[in-house]
Amino acid sequence: MHFLNLHIHRSLSSLSSPADALLAEKALTFLKRHPYHLNSLSSNFTPEAASYLLLKSQNDQTLILKFLKWAQPYPFFTPRCKCLTLHILTKFKLYKSAQSLAEDLAVNISDEKSNFIFQCLKETYHLCASSSSVFDLVVKSYAHLKLIDKALNIVNLAKLNGFMPGVLSYNAILDAVIRCKKPVRFAEEVFTKMIKDGVSPNVFTYNILIRGFCTAGNLDMGLGFFSEMDRKGCLPNVVTYNTLIDAHCKLKKIDDAFKLLREMALKGLEPNLISYNVIINGLCREGRMKETSEVLQEMNQKGFVPDEVTYNTLVNGYCKDGNFHQALVLHAEMVRNGLTPNVITYTSLINSMCKAGNMNRAMEFFDQMHVRGLRPNERTYTTLINGFCQRGLLNEAFRVLNEMGRNGFSPSLVTYNTLINGHCMLGRVEEALKMIQDMVGEGLVPDLVSYSTIISGFCKCQDLEKAFQMKQEMVEKGVKPDAVTYSSLIQGLCEQNRLTEACDLFQEMLNAGVTPDEFTYTTLIYAYCTEGDIKKAFLLHDEMVQKGFLPDVVTYSVLINGLNKQARTREAKRLLLKLFYDESVPSDVTYNTLIENCSNIEFKSVVALIKGFCMKGLMNEADRVFELMLHRNYNPDEAVYNVIIHGHCRGGNVQKAYDLYNEMVNSGFVPHTVTVIALVKALFMIGKTDELSQVIANTLRSCKLTDAELAKVLVEINHREGNMDAAFIVLTEMAKDGLLPNSG
């Protein structure tokens with residue numbers, strides 16, 4: 001200590017003249033007793049006096065901080081004085097003040113490579129018994145300002161001059177590399193240099209690298225560093241796991257994310273609220289909303305209370321899932337708990353209300369945003385404009401557009417396309433064209449959606465000449481028509497009975513490499529059916545299926561109606577059965593098939609109600625309607641039984657379906673083939689072999705014996721040997737050939 005004091009005394013003597021020393025002593029007195037007199041010294045105070053004061057009071061933290069506060073704005077507080085102060089602040093571990101001062105140096109000193117700052121630090125290093133941590137702090141300051149090259153230069157200069165920057169320096173540089181979104185290979189290079197320099201990485205190093213690679217979408221590299229941690233005996237922390245869980249969720253690997261969450265416990269780590277929020281976000285992205293309830297329950301058991309992030313994520317998730325009721329329930333709960341929804345959440349709620357056609361409620365949420373001090377963004381305004389346009393309320397849409405402009409938002413391409421669509425929906429296509437001119441005037445270029453919407457509008461108004469003119473214009477502007485564009489034009493031609501031209505356009509579409517969609521095919525199938533050319537209609541249907549498009553209820557209705565018009569009802573029924581066994585028929589068609597034999601007019605509405613509940617999977621409601629029929633002494637007919645049995649098979653309540661089947665058979669009704677196949681499959685899936693045998697036996701007994709003996713034998717043999725796949729195939733073929741009840 002005596003040697004250090006002697007060194008400081010010599011330094012003081014060499015650094016300052018007697019006049020400077022006197023000035024410094026006077027300043028020290030003022031700092032201790034009369035700080036308000038300090039400004040009287042500022043005009044005469046010198047850098048040498050400042051250095052003298054700093055060195056003399058370097059062990060007095062309070063005095064140093066008082067001096068720093070006074071001296072910082074004045075010219076006498078030179079870079080050298082600041083470097084001396086940095087050493088002292090670091091020694092006191094006043095890192096926040098030190099970093100602020102270091103960043104001030106970095107920003108305000110013209111020092112291209114940071115050589116000058118390093119030289120000042122080096123020259124003042126021994127004056128106050130400093131340590132290498134001052135270089136770590138300066139590197140961190142440069143890195144925080146994203147001055148990566150200067151930070152690396154400080155590290156290199158420190159090493160060359162015998163100082164040893166630590167892991168803090170390298171971590172700061174790595175973090176800056178990731179924040180600047182530089183190529184991740186650059187981070188690898190820094191990491192390699194760190195190892196080569198003999199600096200051991202810690203958990204923070206690995207967390208930065210894992211975050212960097214995961215953010216760049218390279219999960220494999222992130223997992224590689226995670227494995228390296230294990231090999232090197234570096235224990236991961238909650239941040240490590242949260243980063244990896246988030247990366248898995250973003251790549252739609254939710255199940256792997258859950259495994260990591262469970263693995264944390266094995267490593268003695270407790271998931272935190274962020275862990276659960278990340279998992280909930282992943283589930284919401286994938287639409288797995290039911291599972292979020294289980295996660296919330298686990299959170300609750302562990303004492304975690306959902307925060308704004310949790311609620312905002314869930315509300316957005318339920319809105320995207322179409323469960324507006326649950327979204328509204330959670331929003332109300334969130335507000336009740338004193339939490340504030342963010343702009344994204346409000347925009348999701350507004351979008352949900354717009355989709356539901358509830359524009360009053362959408363505007364209520366919009367007004368709530370203003371009350372809570374939240375500023376709607378461009379997407380919020382466009383969502384509202386779209387909502388009004390979809391309802392045909394263009395005046396209201398333009399009012400929102402005007403407010404959008406007043407609040408500093410320019411309409412985007414999406415906004416204009418929304419307004420164009422709104423005009424076209426009302427048949428005001430010429431006004432929609434004016435919107436195209438307006439957007440061009442605003443410096444926006446019409447895109448595929450803009451042109452396709454206008455073309456569709458002209459087609460709906462039967463003005464095909466202008467529709468084709470727009471197609472020509474879009475091609476000249478370098479915008480290629482897509483399936484929607486072609487489909488609109490093809491439909492327009494078909495509606496005017498110009499089938500030959502429609503087919504030519506379809507061929508042009510194929511030659512241009514544009515793949516037709518379900519709408520294109522269904523439009524042409526309908527046109528051929530209208531013309532009575534069922535053969536070509538079916539050829540298009542087969543082509544559609546071969547290309548991987550699943551025909552929808554409209555396509556099937558078109559084909560079946562086409563067959564029925566030609567009195568080919570047997571073929572129409574066989575088509576339905578074939579589609580059902582191929583499991584490609586929509587449930588609407590399935591249920592319509594099941595109720596086709598409903599003769600009682602009074603039952604028709606009841607069956608329709610049960611059908612509606614069954615299609616939505618609301619089997620409790622379907623059962624209540626069924627029980628109400630019984631209570632009122634209405635005996636269900638076969639259509640009622642067919643629909644409710646099939647509904648319970650789809651809903652997974654196979655025992656209920658089987659009980660109803662027995663009730664149906666005992667009442668003298670023969671179940672429809674569709675019902676039988678659904679029940680047989682359901683019983684097989686849950687291993688109900690006795691019940692399965694009974695259903696198959698009943699079915700075979702009701703077959704047309706003369707035509708079905710061989711098929712019956714095949715079903716019996718395969719069923720007995722447990723080869724149910726083969727049994728299903730034979731039953732299917734029997735149905736197609738009209739050998740089972742209700743199939744012909």
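**Note on burial, aromatic pairs and surface**

1. Phe409 has a relative accessibility of 18%, so it counts as buried. The cut-off for that class is under 20% relative accessible area, and Phe409 at 18% therefore falls within it. The model discussed here is a predicted one.

2. Overall composition. The protein has 744 residues, and 48% of them count as buried. Its secondary structure consists of 42 helices and zero strands. Among contacts with a separation of 6 or more, 61% are between residues 24 or more positions apart.

3. Aromatic pairs. How many aromatic pairs does the structure hold? There are 25 aromatic pairs. In one of them, the ring centres of Phe118 and Phe163 lie 6.4 Å apart with their planes at 75°, so this pair is edge-to-face. The class applies because planes over 60 degrees apart count as edge-to-face.

4. Phe118 belongs to helix H7 (residues 115-125), while Phe163 is in the loop between helix H9 (148-160) and helix H10 (167-179). Are Phe118 and Phe163 buried or exposed? Both are buried.

5. The Tyr381 and Phe409 pair. Here the ring centres are 5.8 Å apart and the planes stand at 50°, so the pair is tilted. This pair also links distant parts of the chain, its members being 28 residues apart. Tyr381 is placed in helix H22 (residues 378-390), and Phe409 in the loop between helix H23 (394-406) and helix H24 (413-425). Tyr381 has 1% relative accessibility and therefore counts as buried; Phe409, as stated above, is buried at 18%.

6. Other aromatic features. One aromatic cluster is formed by Phe45, Phe67, Trp70, Tyr74, Phe76 and Phe77. Elsewhere, Lys182 is positioned over the face of Phe186, 5.5 Å from the ring centre.

7. Ser141. This residue is part of helix H8 (residues 133-144). Why does Ser141 count as buried? Its relative accessibility is 1%, and buried means under 20%. Which residues does Ser141 touch, not counting those up to four places away in sequence? They are Gln99, Ala102 and Glu103.

8. Glu308. Helix H18 (residues 308-321) contains Glu308. Its relative accessibility is 34%, so Glu308 counts as partly exposed. Leaving aside neighbours within four places in sequence, Glu308 is in contact with Met334, Leu339 and Thr340. Glu308 and Pro341 are separated by 33 residues in sequence, yet their C-alpha atoms are 6.8 Å apart in space.

9. A nonpolar patch on the surface. Phe684, Met685 and Ile686 make a nonpolar surface patch of about 330 Å². Of these residues, Met685 lies in helix H39 (residues 673-685). Is Met685 buried or exposed? At 69% relative accessibility it counts as exposed, because the class begins over 50%.

Conventions. Residues are numbered from 1 along each chain as its sequence is written. This is a predicted model: local features need pLDDT of at least 70, side-chain atom pairs count only at pLDDT 80 or more; totals for chains, interfaces and linings use all residues. Side-chain values use heavy atoms; hydrogens and water are left out. Patches are made of residues with over 30% relative accessible area and no salt bridge: like charges are joined within 9 Å, nonpolar side chains (Val, Leu, Ile, Met, Phe, Trp, Tyr) within 5 Å. Accessible areas come from the Shrake-Rupley method with a 1.4 Å probe; for residues, only the protein chains shown count as cover. A salt bridge is a side-chain nitrogen of Lys or Arg within 4 Å of a carboxyl oxygen of Asp or Glu. Helices (H or I, at least four residues) and strands (E, at least two) are DSSP runs, numbered from the N terminus. Buried means under 20% relative accessible area, exposed over 50%, partly exposed in between (1.4 Å probe, protein chains only). Contact means heavy atoms within 4.5 Å. Rings of Phe, Tyr and Trp (its six-membered ring) pair if their centres lie within 6.5 Å; planes under 30 degrees apart count as stacked, over 60 as edge-to-face and the rest as tilted. A charge sits over a ring if NZ of Lys or CZ of Arg is within 6 Å of the ring centre and within 35 degrees of the ring normal.
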